[in-house]
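Thanks for making time. I will go through one complex this morning, chain by chain, and then stop.

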Amino acid sequence: MIVSEFKYPIFSINAMKKDLLEGKYTVQQLNDYFVENINKNKALHAILHINPISPEQINESQQRYNNKQPRALEGIPIAIKDNILVKDMYNTCASKVLEGFVSNYDATVVENLRKAGAIIFFKTNLDEFAMGSYGNNGAYGGAVSPWKFKGENNNENILAGGSSSGSAVAVASGMCPASLGTETGGSVRLPAAWTGIVGLKPTYGVCSRYGVVTYASSLDVVGTFASSVENCEIVWDSIKSYDKENDATSVPFPENHPMYQENNIRVAILSNIKSSSACVEKAFDEVIDYLKTQHVLVDNIEVPESEYIVPAYCIIAWSEAMSNLMRFDGIRYGKELELTDKSEDTNVIKLNDYYKKTRTEHFGKEVLRRLIAGTMFVSHKYKEIFFDQANIVRQKYIDFFEENWKKYDFFLIPTASTEAISIEKSQNNSKTDEYYTDLKTILANLTGTPAISIPIKVCDHQLPIGLQIIAPAFGEKSLFKFAKKIEEKFNVFKNLEDVIKTPSNK
Amino acid sequence: MENKENSIETVLELAKINYKDNFDLQESLHIADIFKNRYEKNLSMPKEKAFTKFWWMEKNIREDIVKDQLLDLTNTRKTGDFVKCPTQVI
C-alpha cells in the first residue's frame, strides 16, 4: 500500500491531501494505516479511549476528494486530549472522579476540527486534570516517550513530559499527524520538546475553552501538536475561532497582527533563566550562532524577579484550580460514592464527610496537594500574601514583555532546562523539582502570549531538544514563519529511524 | 506577621477541610515559603498593580474568575458551606 511509504515520523498533511486528491490511496486506507500504527504502539499508553471511525464520515471525506473540494483537514485523523469534550466519547481527565462520564456535546475546538473535515477517533492520556509535568500522574498510568523505548512497564523508559503526554506521544510515534492538547504552564511545549515534535501554545483567548475541562481559568489554552510547523499551523488555523456565545474569554484574531520585517529580525534571549543541561545549552547556542550569520539582531535581556516565576504560577494556578475543581464533589459533578458509612444517629452521612470521602477516594495525590494548597493561598488573611502578590508579580512579567515587544520580534529560550528524563530518574526528584520543570514555559502562560517549541537537535544521550520561540499577542503567523526558517536548517527528522526505537520499529 | 494560630502550617491544615486527612503537605509548604519570604522582604507592590486582565480582553477576567471564589476558612468552619462555584460547563 502506498501509504506505507510515509517515513516515520513526518506526516505532511498537505502531502497526504495531495495524494488523496490524486487518488494514490483512499481516505479509508489512510485511516487504516494510522489505526495499524495505534495497534503497534499500544505499549506507550498514549490512548485512553478509542471509537470506531464512522463509515459515513469516511465516505463524506472521500466524496469531497472525488469532487476535488477537500476542506483544510479533510479525512485527516486528529487525536484529542482527554480533558477536551468530544460528543458521545468518554471524558475522564485521567481521573477516577470522572470515570464513566460521557460528553453529550463537542468542545468548540472539536466542532471546528469537524467543520474542517478532521476525523476524531481517539482520546489521549494526560496527567490527572492536566496537573503534572512528567505525564505520569494519571489515574490510568502514564504515557511514555517512543524515544529509547525499552518495553512495557520498564522504569528505564523515558518520560514524555506533561501534562499532554498522550497527545505528544500519539504524534511522535506516528499514530496521527497532529493532535490537540491543553496548556496551563507548558503542558504542550514541554512534551513536544521531550518527544521531538512541534508544539504550539496560542495567544490566550484565540482558541475557545468552551468544552475544555478547566484547570486554571486565566491560564488555560488549547494547543496543537504536530510533526512539523506546517501541520501545526494548519491545525491551529482550523481550531481558532471567536466563540462569543460560549466563552467569555474568547477573542477574535485581529486582521492586523504582529509580523516581523524580513530584513530586520530582532530577537532577545531571556538570558537569566538558565538551563541545567550542557546539551540543551549547546544546542541553543548553535541556533543563536546560526541566526547571527543570517543577520538577525540578537540581544540578551533579563526577566525581573525570575526567582518567583514558578511560585507565582503555582499560587495562581492552584488557587484557580481549587475553585474550579470544587464542583467534583460527587453531587454536582463527579462519580457518586457508595454510601456505606452512615451516621448512626441520623442514618444520613454528613455532607462534609461525603465530600471528604468522595475527594479522597477519587482524586489522585497530586490533585489533592494542589487543591489543598490552593485553598490556603486564597484563604482569609493569606490571600494578600500569596494570591494578590502572585498577581502583582504576574503583572510585572506582562509589563516587562510589553516593554520589550517594542524592541524585539521574538524572545528565544530553550523549551526545557534538560532533555527528557527516565521514569527511574524522576522517582528520585522532589515535587518541587517537578514544578521547576516548567520554569522556561510558564512565562508565556502568565503573559498570555503565543509560543512554539520546535525540535532542534538530538543530544548525545539520543534524546531530542526543543527551542522555544515566544511572540507578542496574536503573533502566531509571525511565529510560524520564523519557526519554519529554523526548522528548515535544524531539521532533526533526517535519518532518525536509526535513533528512535518505538514498538513499531524496534 | 503571624502567630501560632494562623501560621502557614496551621492554615494549610485548615485548608484540608473537605479533603484528605493525614496528607503530607511539605511540598506545598515549600512553594508557600518561597513566596512568604518575598513578602517578608518587603518586596510587595501596591495591590492596584496586580494582574486583572490581558490588554486584548474586554472583560476583567481576574475579577470574573476569582471574585466569587475566595474562601474565608473561618466562615467555612462555622457554616460548612462551600464558596459559590463559578458557572462552567464540562
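Before anything else, a definition: a polar contact here is a pair of N or O atoms within 3.5 Å, where within protein one must be able to donate a hydrogen and the other to accept it. That matters for the start of helix 8 of chain A, where a side-chain oxygen of A:Ser277 comes to within 3.2 Å of the backbone nitrogen of A:Cys279. Please keep in mind that this is a predicted model. The predictor assigns the complex an ipTM of 0.88 and a pTM of 0.91.

Let me stay with helix 8 of chain A. The helix covers residues 278–293, 16 residues in total, and from its first C-alpha to its last it reaches 23 Å, close to the 22 Å expected at 1.5 Å a residue. Which of its residues are buried? They are A:Cys279, A:Val280, A:Ala283, A:Phe284, A:Val287, A:Ile288, A:Tyr290 and A:Leu291. A:Cys279, then, is on that list, and its backbone nitrogen is the one that the A:Ser277 oxygen approaches.

What do these buried residues pack against? The partners in chain A include strand 7 (266–270), strand 8 (297–301) and strand 9 (410–414). Strand 10 (451–458), strand 11 (464–470) and helix 16 (476–489) of chain A are also among them. Just after helix 8, A:His295 adopts a positive phi of about 65 degrees.

Now chain A as a whole. Its secondary structure amounts to 16 helices and eleven strands. The C-alpha trace spans about 75 × 55 × 45 Å along its principal axes. Among contacts in chain A between residues at least 6 apart in sequence, 79% join residues at least 24 apart. Chain A exposes about 17,600 Å², with carbon and sulfur atoms supplying 45%.

One residue in a loop of chain A: A:Thr441, between helix 14 (431–435) and helix 15 (442–447). Is A:Thr441 buried or exposed? A:Thr441 has a relative accessible area of 1%, so it is buried. Apart from neighbours within four places in sequence, its contacts are A:Gly185, A:Gly186, A:Arg189, A:Thr415 and A:Gln468.

On to chain B. Chain B has four helices and zero strands. Of its 90 residues, 39% count as buried. For contacts in chain B with a separation of 6 or more, 33% come from residues 24 or more positions apart. The accessible surface of chain B is about 5,400 Å², and carbon and sulfur atoms hold 46% of it.

In helix 1 of chain B sits B:Thr10. B:Thr10 is at 27% relative accessibility and therefore counts as partly exposed. B:Thr10 and B:Ile34 are 24 residues apart in sequence, and their C-alpha atoms are 17 Å apart in space.

Last, confidence in chain B. The chain averages a pLDDT of 60, and 43% of the residues score at least 70. Where is confidence lowest, and where is it highest? The lowest is helix 4 (residues 73–79) of chain B, at a mean of 32, and the highest is helix 1 (residues 8–14), at 75. Over residues 66–90 of chain B the pLDDT is below 50, though this stretch has 55 contacts in the model beyond near neighbours in sequence. Where pLDDT is low, the predicted coordinates should not be read in detail.

Note on methods. Residues numbered from 1 in each chain as written. Chains lettered and ligands numbered in written order. Predicted model: local features only at pLDDT ≥ 70, side-chain atom pairs only at ≥ 80, totals over all residues. Heavy atoms only, no water. Helix = DSSP H or I, 4+ residues; strand = E, 2+ residues; numbered from the N terminus. Expected span 1.5 Å × (residues − 1). Buried < 20%, exposed > 50% of the residue type's maximum accessible area, 1.4 Å probe, protein only. Contact = heavy atoms within 4.5 Å. pLDDT = per-residue confidence, 0-100. Areas by Shrake-Rupley, 256 points an atom, 1.4 Å probe, with all protein chains shown as cover.
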